[in-house]
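Subject: Handover of a structure and findings

Dear colleague,

Please find the sequence and structure below. My notes on what was found follow directly after.

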Amino acid sequence: MVDPHHAAEVAVHSSQLLRWIPFIPLLGAAVNFLLGTRIQSRAGRGGVAAVAIGSSLASFVLVVISFFSLLAFDEHSRLVIDTVAPWIHIGSLNVDIGFQFDPLSAVMTLVITGIGSLIHIYSYGYMDDEPAAWRFFALLNLFMFAMLTLVLGDSLLLMFVGWEGVGLCSWALIGFWHQDHVNTTAGNKAFIVNRIGDFGFVLGVFLLFWSLDSAGQATVVFRELPALVGGLDGMLLWGVPVVTLITLFLFVGATGKSAQIPLFVWLPDAMAGPTPVSALIHAATMVTAGVYMIGRLSFLFAMAPATLEVVAIIAAATAFFAATIGIAQNDIKKVLAYSTVSQLGYMFIAMGVGAWAAGIFHLVTHAFFKACLFLGSGSVIHAMHHEQDMRRMGGLRHYMPRTFWTFLIATVAIAGVPGTAGFFSKDEILWNAYLHSPALWFMGFLSAGITAFYMFRLVFMTFYGECRADEHTREHLHESSGWMTWPLVILAVGSLFAGFLGVPAALGGSNAFAHFLEPVVGHMEHSGHHSLALEYGLMAASVGIAGLGILLAWLIYVKKVFSAESLARIGGGWPHRVFLNKYYVDELYGATVLRGTMGLSTLFAWFDRTVVDGVVNGSAYVTRIGATLSGVFDFRVVDGLVNLTADAIHAFGGVVRRVQTGSLNTYLYVIVVVVAAVLFAGTWK
Amino acid sequence: MDHILTYMTFIPLAGMAVILCMPRGATKAIRLTALGFTIPPLLMAVWLFANFDRTTEAMQFMERAQWIPSFNIQYIMGVDGLSVTMILLTALLCPICILASWNIEKGVKGYFALFLLLDAGMTGVFCALDFFLFYIFWEVMLLPMYFLIGIWGGERREYAAIKFFLYTLAGSVLMMIAMLALYFYNEPHTFDMLVLMDNAGTYSRTFQTWTWLALFIGFAIKIPAFPFHTWLPDAHVEAPTAISVILAGVLLKMGTYGILRFCYPMLPLATQDMAFWALAALGTWNIVYGALCAMAQTDMKKLVAYSSISHMGYVMLGMATMTVQGINGAVLQMFNHGTITAMLFLLVGVVYDRAHHRRIDGFGGLASVMPVYTGIMVIAFFAAMGLPGLSAFISEVLVLLGAWQYSPALAIVAASAVVLTAGYMLWMLQRVWLGPVNEEYASMPDVNAREIVMLAPLAVIVIVLGVYPHAVLDLINTSLTAINNTVLSAVPPLASLPLDVLP
C-alpha cells in the first residue's frame, strides 16, 4: 500500500467555487418547490424543466472548470477545499460544512453532473404528459444536490447528509406517482432497508471517532484521517481489531445503499419509479455511493484485510446470484435492476481485493452503459404506453431504430465485448480478482457469461422477432423525441469509448484512469509476478464466455433452436422458479424480520395497554373500592393513608371524585406528608 | 431590560386578567387579546437570545427579592443556557398555540384565560431559581392543564384529565418531599437553588440517593419515562390540538429540565450512581419501547404521542452519558423535539379540524388534495426521523455519539430505533397522505394562511437548526459543560461519611 497522503507535503488549495457545485442544484430545487406550480402554469412544463436542466448544466460546467484547474496542479497536491461555515463543534467533535475536490471527487462529480444533466434533458421528453412536472424536476435537482454533497463533503458526517439525502430523494421519486400504493410501498421499502444500512454506517463512524479519540486525536474529516488512523493499529474491541469492526460497520451501510447481499431487496422494487429516476439514482449514481465510500476510505479498508475478504465474498456472491435472477425476469426494468445489483457486485469485488481504481473505473463505465440501457428501456416503455413486460414486446428495432442501436451498443458494452467500455473495466476487475484468488475470479467469470446471456435475451425479446403488442399499441409505436434520443446517443458513445480512459498496460495502454486516481486511493501491491500470457489468457476466457452467452441467447430467442419454455422446465422447473422468485428472499424477510417486528410491535402495544395501563387503572379501581368501603371511617382512612405510598394518591383521587369532601382531604393529606418529610429530613441531621 | 424574566412570566398573567374582564361573547376580541399578550414575551425572548452571554455558566438576568422572610423564601429569577433555551421554546410555541386554538368555540373566554395562566406557569418554572417559587409555578401550571383537557377535550376527557392530574400530583408530592428535605438539610434553611447547588458537596450519599429518587420519579412522570408514561397517550388523544402541542412541546421538557436543574448539580453523587439504570438504560428502553408501541397505533395522535416517548428517551440517554456531546445533544434534542412534535401535532390538528377524526386508516391520498400541507408535513416527518440536514439529526447524532463512548451496547440498541422510526413514520405517511384519493375528503381545503403562519416558522427553525445547530448549541454548551463537570468531579463529603450508616 502506497500512502496516498503525505500530509506534510500536500499543499492545500482553496476555492469558493466548489460550494456552488452542490448549491446551484439546491437553488434549482428550491425555485421549483416554492414557485414550480406557478412557473408551470405560466410557462408550461418547459419552464420548470429549464430551471432544473439549467442548474444541472451549470453545476456540470463548474465541475469541468474545477476538474481542469485540478489537472493544472502537481499530482500530489490535487486537493481543493472550500469551508463554507462551521457546523458542529462540540467537545472533540469538530465538523464544518466543507467540501473537498480531489481526483476521486472529480471523477464522481463528472459522472453525476454529466450523466445527471443528460438524464435531466431526457426527462423533459419522458415526462411529457406529467401534470406535476415541477415536483419531479425539483426532486431531481434536490437529488443532484444530495449526491454532490455525498461525494464532495469533506467529512464522514457531511457525507452522511448526502448519504441519507439521496435516500430521501430516492424515496420521493420511487413513489413519485403516489396515488398507487405499489409505488409508495416500494419507496418505503427502499428507505427503510437503507436505514438498516445507515444504522451500520453511523455505528462505524462512532467507533472510528472514539477509537481515534482514545488514540490521541478524534476526527471525522477525510483529509485529517490518513495521518491519524495509524493509531488504530493493534486496538481491540470485543476481541476484534477495531479497524475491522469499523470497516465492517461501514460496509453494512454500503450493502444498503449499493444493494448488496443481504440488503439488495429494495432495488428491484425501486423500479416502480419513473424510468429516468431508475437511470439516474438506481443505476448511475446513488447506488454507487457505497463503492465511492470505500474508495474514499481505502486507506482504512486497506488496514482491515478481514473486512476486505468479507467484502469480496459478498460482492462475488451478489454478482452471481443477481445475474441468475436476471435470467428469469420478464419485466424489462427488473432485468436491468438485477443487472445493476450484479454489476455493483463487480465493483465491490474490486474494492474487496484492493483494486480501488478498478472498482471506480467500472463505476464510471457502468454509469454510461447502464444509464443508456435504462433510458433506452424508458424510451421503449414510453412508446409502449407504459408496458414493461418483454413478452408483449418484440420487433421494436423497426419502430424505434435510434433507441435500438444505442441500446445494442450499451448491451455490447455491458457484455464485455472487446473494445467497449465494459470490456476494459470488467477485465481489470477480473484480473485483480484472479491475483487475489482464482475462486473469486471464477465467480466473476461465470457471472460475465450469464450477464451476456440475459442482456442479449432482453435485446432479442424486445427488439427482434414479431411484435407481440396489441393492435392499439402497435399503431402508436414511434421513435421517441430528440429530447430522449440524443442523450441516448451521447451515452452510447460513452459506452463505446469510456473504456479507453483505462487501457491496461498489457494492451499497450497506460491506464491513465488509475494513474489519475492514485494520489487518493493508492494501490495495493500484489505479491509475486504474473506473466502477461496469463493476463491474455484470462481476457480471452472472459471474452469467450461472454460470446457463449450471446450465442446461447441468440439460439434460444432468435433462432428458437431450443424453446425457452422447455429450458424453464429443466430439473422439474424448480431452478427457474427459484430464479423467477428471486430465491424467495423477499418472502424470507417478510416472514422473519418484518413479521417479527410487527409482532413485537403488537405485543408491546398490547402490553402497554393492558399490563402497564392495567396496573394503573387497576390500582385506582382497587383503592377506590377500598376508599368507598371505609368512607364511613373517613378520618381513620385518612390516617391510614399516611402509611401508604404513592399508589394511595390514586385512592385519594377516587375519594375526591366520589365524595365532595375533596379539599379538606387534600389539605390534610398534604399536611401529613409535609410533616412526615420534615421529620424524615430532621432525623437525618 | 431589567426584570425581563418577570415581565415574560407575568405579562401572560396580566393578559388573563384582561380577558377575565372582557364580555363572554366578544370571542374575536378575546382571541386577539390572548395573541397580543403572547407576542411581547416572544419579542423579549428574541432579545434574550440576542443578549444572552454565551461565555459564562453563571445565572443571568438575575432578580432577587425577599418574599416570605420568616421561612427564607425568596423571589429569585434567572436563567442559564439550559433554561433560556426552554424559555425560547415556550415563548415561541405559545403564540403558535393561540393561533391553533382559533377554532375553539366553546367557552372561549375561559379557554384563553386558562391558556395564558398556563403560559405564565411554564415560563415561571424555567425562570425560577428558588425551589419554593419553582414549586408554586409548577403547581400553577398543573391546574389550567387539568381544566383545558377536562373541559375542552375529546370524548374521554375526564378520564384523561384526572389521570394526568393524579399522575402529576403524585410527582408533585414526591418533589415537595425532596424540596423540604433539601430545605431542612441546609443550615440555615433555604430554598435558594444556587445555594442548594453550592452546598452539594456537603450532602451525604444516602441523603442524595433518597432525594434523587423522589425528584426523579416526579420528573420521570413528566418526561414521561416507562412505566410512568401511560397518562401521555390518553392526555394527548383527548386534549385539543394546542394543548397537545404545549404538552409535548413544553411540559415534557420540564421532566428532563428538572433532572438537569436539580438532580445533576444538587445531587451529583446520586446522579453518578443512578445515571446508568435510571437514565441511560431506561432512556434506551424508552426509545425502543416507544417506537414499537407507536408502530401499532391506529390513531394519529396516539402514534405521535408514543413517538414522543421514544424521542424523549434520547434526552435521557444523552444526559446520562455525561459526555460533552451527549449532554449537549440531550438539551438540543429537547428543543428540537419541542419544535418537531409541535409541528406533528399541529399537522394532525389541521386534518382533525376538517375531518373530525384521526384514524390512520380513515384517510388516504391527502397529498393529492392538499399539496402545500403535504409539503410541510414531509419536512416534519423526516425531521422526526432524524434526516441529516434537519435539526433532530444533530441532536440524535450527538446523543448517540456520546452514548457510544458511554456504552456501545446501549448505543447500538438506541441507534437501531432509527429503523423503527422510519418504519412507523413512513407507514403512517403512506396510509394517510399517499395512495388513491379518499372520495370522502376529495374536497378538503388546503392549509389556510393562519395555519401556514403557525407551521412555517417551525419548519424554518427545523431546517436552520439542521444547518446551523450552534444557534442553540452556543447557548447551552457552557452551562451544560459546567453542570456535567459538577457531576463528574463530585466526591463524597468527608464530614458526613458517618451519617451514611443512618437509614
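How many residues of domain 1 of chain B are in contact with residues of domain 2 of chain B? The number is 42 residues of domain 1, which are in contact with 44 residues of domain 2; two residues are in contact if their C-beta atoms, placed from the backbone, lie within 7 Å. On the side of domain 1 of chain B that touches domain 2 of chain B, α3, α8 (205-222), α9 (231-238) and α10 (241-266) of chain B each supply at least two residues. Helix and strand names refer to DSSP runs (helices: H or I, at least four residues; strands: E, at least two), numbered from the N terminus. The greatest contribution to that side comes from α10(B), with 13 residues. By class, this side of domain 1 of chain B has 26 nonpolar, twelve polar and four charged residues. Ala, Val, Leu, Ile, Met, Phe, Trp, Tyr, Cys and Pro count as nonpolar, Asp, Glu, Lys and Arg as charged, and the others, Gly among them, as polar.

Please note that this is a predicted model, in which local features need pLDDT of at least 70 and side-chain atom pairs count only at pLDDT 80 or more, while totals for chains, interfaces and linings use all residues. Residues are numbered from 1 along each chain as its sequence is written, and chains are lettered from A and ligands numbered from 1 in the order in which they are written.

The domains of chain B

Domain 1 of chain B covers 1-266 and domain 2 covers 273-488, with bounds that come from an automatic or database domain assignment. Their centres, taken over C-alpha atoms, are separated by 22 Å. Helix α3 of chain B (residues 81-100) has 20 residues and reaches 29 Å from its first C-alpha to its last, close to the expected 28 Å; the expected span is 1.5 Å times one less than the number of residues. Of the 20 residues of α3(B), 19 are buried. A residue is buried if 20 or more other C-beta atoms lie within 10 Å of its own, exposed if 12 or fewer, and partly exposed in between, with C-beta atoms placed from the backbone.

The two chains together

Between the chains, 50 residues of chain A are in contact with 55 residues of chain B. On the chain A side, α6(A) gives the most, with 15 residues. By class, that side has 31 nonpolar, 13 polar and six charged residues.

The largest nonpolar core has 454 residues, and those with the most contacts inside it include A:Phe206, B:Ile87 and B:Leu400. Such a core is a set of buried Ala, Val, Leu, Ile, Met, Phe, Trp, Tyr and Cys residues joined through C-beta atoms within 7 Å. Its largest share, 21 residues, comes from helix α6 (residues 157-185) of chain B. Not counting residues up to four places away in sequence, A:Phe206 touches B:Leu400, B:Leu401, B:Trp404 and B:Ala411.

Two individual residues

A:Asn194 lies in helix α6 of chain A. Why does A:Asn194 count as buried? A:Asn194 is buried because 28 other C-beta atoms lie within 10 Å. Leaving aside neighbours within four places in sequence, A:Asn194 is in contact with A:Gly167, A:Gly256, A:Lys257 and A:Trp266.

B:Leu180 is found in helix α6 of chain B and counts as buried because it has 25 C-beta neighbours inside 10 Å.

Yours sincerely
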